[in-house]
Amino acid sequence: MTFDTQNPQTASPRHASKLLHARWIIPVDGSRTILENHSMAIQDSRIAAIAPTDQIKVSWTADEEFYLDQHALIPGFINTHGHASMTLLRGIADDLPIMEWLKGHIWPAESEFVSEEFVYDGTRLAMAEMIRGGTTTFSDNYFFPDAAGQAALEGGIRCQLVFPVMDFPTPWSRNADNCIYKGLEVVDRFRNHDSILVGFGPHAPYSVSDEPLKEIITLAEQLDTNVQMHIHESAQEVAEAVEKTGMRPLRRLSELGFLSPRLQCTHMTQLSEAEIQLIAQNGCSVLHCPESNMKLASGFAPVGRLQECGVNVAIGTDGCASNNDLDMLGETRTASFIAKAVAQDATALSAWGALEAATINGAKAMGIAEQTGSLETGKLADISAIAMNELENLPMYNPVSQLIYTASRNQFTHVWCNGRNLMDNRHLTTLDESWIRQRALEWQKRITASRKG
């Protein structure tokens, strides 16, 4: 970590946009250091200094100061996989097998209701929930990505849009070629917005044929964009692929040349040792969504073994139709516990490892680790403040352990993205909570009436 090194005895105070004074700063910079009674200076969108509070107070002045004496400052969570506007389908079809859930309920509901309006309203609801839970960056894989991107710009949150590609008609497109054509328009629309990344989101090996996948390989290389795909999500998916093609999905993708460091592999619950080695050799990231995997009975990703082999594992919530929340803190705790149980090793995905998976590893998966994912001088000020003085958090021997194993998302009080305050003492500053609530209830009435009819 780089600290401000000016001598407060001789230098004139520097001026910052904001000063954050905290009980703890947990930078997640690879050192696994906890800084006690430290402060942070923010100049516009970036972190200008991190140093002991008494030093910051004599070295800096600011337009605003935040006194967070019982708080830990952490990098904002990076939710690497989700379908934001499916928040409006939260609880619509619970406790069903994955293919029955998808083909019998979710796809029909999407066919009837998904539109630009649905995506815009649902994304705003999702962003409100995520910000309230300490998230500053999310990845969205859904239809009408331009509407989701517009919502993200207005909400001030960082976003990766991976537009869906499928062979068959969807509410957004006619076929895979049409998906790619429309997706490239989305790339152009957000090209000059630094807070929006746009990439390819081919849905899954079973829903996208070889030729579109080959085209995506070429275009992603030319445009230097990310690719995200649901892969090996369930045993049924793998079995059907073997029956249809004679190959497991990863082998097919490998033979197509689809595996690379730009590929974000979502779920990955069905992996052989050879497949783990294959994705490690190709530098792919794995996006782990443990609660969705459990709720749909999809299986368990071998996180401990993946990390042993050097695979970058990041955390995602998936969508609210299969989770049913966007609680990254809860997801991270679940990921740690499952990793230990699957590996039969209590050291697997420690509290520190889980926090890294929810922050810097997500930035690595998206290719933005030089800009965000940790609290370091020069990086973007994507910061979440969580109060750590609840009875359930005491006594406080290790703030990282208590954060992961005892804290709840409702303890986040402040969130900044790009240095902009998105939540101040639990009050959202860029989103109208009453409007979001009203629109969610209106969608509930419309969808409920249709299902009853």
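**Before you start**

This is a predicted model: local features need pLDDT of at least 70, side-chain atom pairs count only at pLDDT 80 or more, and totals for chains, interfaces and linings use all residues. Residues are numbered from 1 along each chain as its sequence is written, and side-chain values use heavy atoms, with hydrogens and water left out.

**Stop 1: the core**

Select F118, L355 and L403. These residues have the most contacts inside the largest nonpolar core, which has 119 residues. Helix α3 (residues 116-132) gives the largest share of this core, 8 residues. A nonpolar core here is a set of buried Ala, Val, Leu, Ile, Met, Phe, Trp, Tyr and Cys residues joined through side-chain atoms within 4.5 Å. Buried means under 20% relative accessible area, exposed means over 50%, and partly exposed lies in between (1.4 Å probe, protein chains only). Helices (H or I, at least four residues) and strands (E, at least two) are DSSP runs, numbered from the N terminus.

Stay on F118. Which residues does F118 contact, leaving aside its neighbours within four places in sequence? They are S85, L88, L89, F113, Y142, W443 and I447. Contact means heavy atoms within 4.5 Å.

Now select L20, I42, A381 and I383. They are among the 16 residues of a second, separate core.

**Stop 2: strand β13**

Show the side chains of β13. I383, A385 and A387 point one way, S384 and I386 the other.

β4 and β13 pair in the antiparallel sense over 5 bridges. Strands pair if DSSP finds at least two bridges between them. The bridge partner of P75 in β13 is I383.

Find S384: its bridge partner in β14 is V415.

**Stop 3: aromatic rings**

There are 9 aromatic pairs in the structure. Rings of Phe, Tyr and Trp (its six-membered ring) pair if their centres lie within 6.5 Å; planes under 30 degrees apart count as stacked, over 60 as edge-to-face and the rest as tilted.

Select W107 and F168. Their rings form a tilted pair, 5.4 Å centre to centre, with 55 degrees between the planes. W107 lies in helix α2 (residues 98-113) and F168 in the loop between β7 (158-165) and α5 (176-189), so the pair ties together parts that are 61 residues apart in sequence. W107 is partly exposed, at 24% relative accessible area. F168 is partly exposed too, at 29%.

Move to Y142 and F143. Are these residues buried or exposed? Both are buried.

Then select F163, W172 and F200. They form one aromatic cluster.

**Stop 4: charges**

Side chains of opposite charge can pair when their charged atoms come close. The structure holds 23 salt bridges. A salt bridge is a side-chain nitrogen of Lys or Arg within 4 Å of a carboxyl oxygen of Asp or Glu.

Select R90 and E129. Their closest N and O atoms are 3.0 Å apart. R90 sits in the loop between β5 (77-79) and α2, and E129 in helix α3, 39 residues apart. R90 is partly exposed, at 35% relative accessible area, whereas E129 is buried, at 11%.

Next, select E273 and R305. This salt bridge has its closest N and O atoms 2.7 Å apart. E273 lies in helix α9 (residues 273-281) and R305 in helix α11 (residues 303-308), so the pair ties together parts that are 32 residues apart in sequence. E273 is partly exposed at 38%, and R305 is partly exposed at 32%.

**Last stop: a network**

Select E117, D121, R439, E442 and R446. A network of salt bridges links these residues. The charged end of R446 sits over the W443 ring, 4.0 Å from its centre. That label requires NZ of Lys or CZ of Arg within 6 Å of the ring centre and within 35 degrees of the ring normal.
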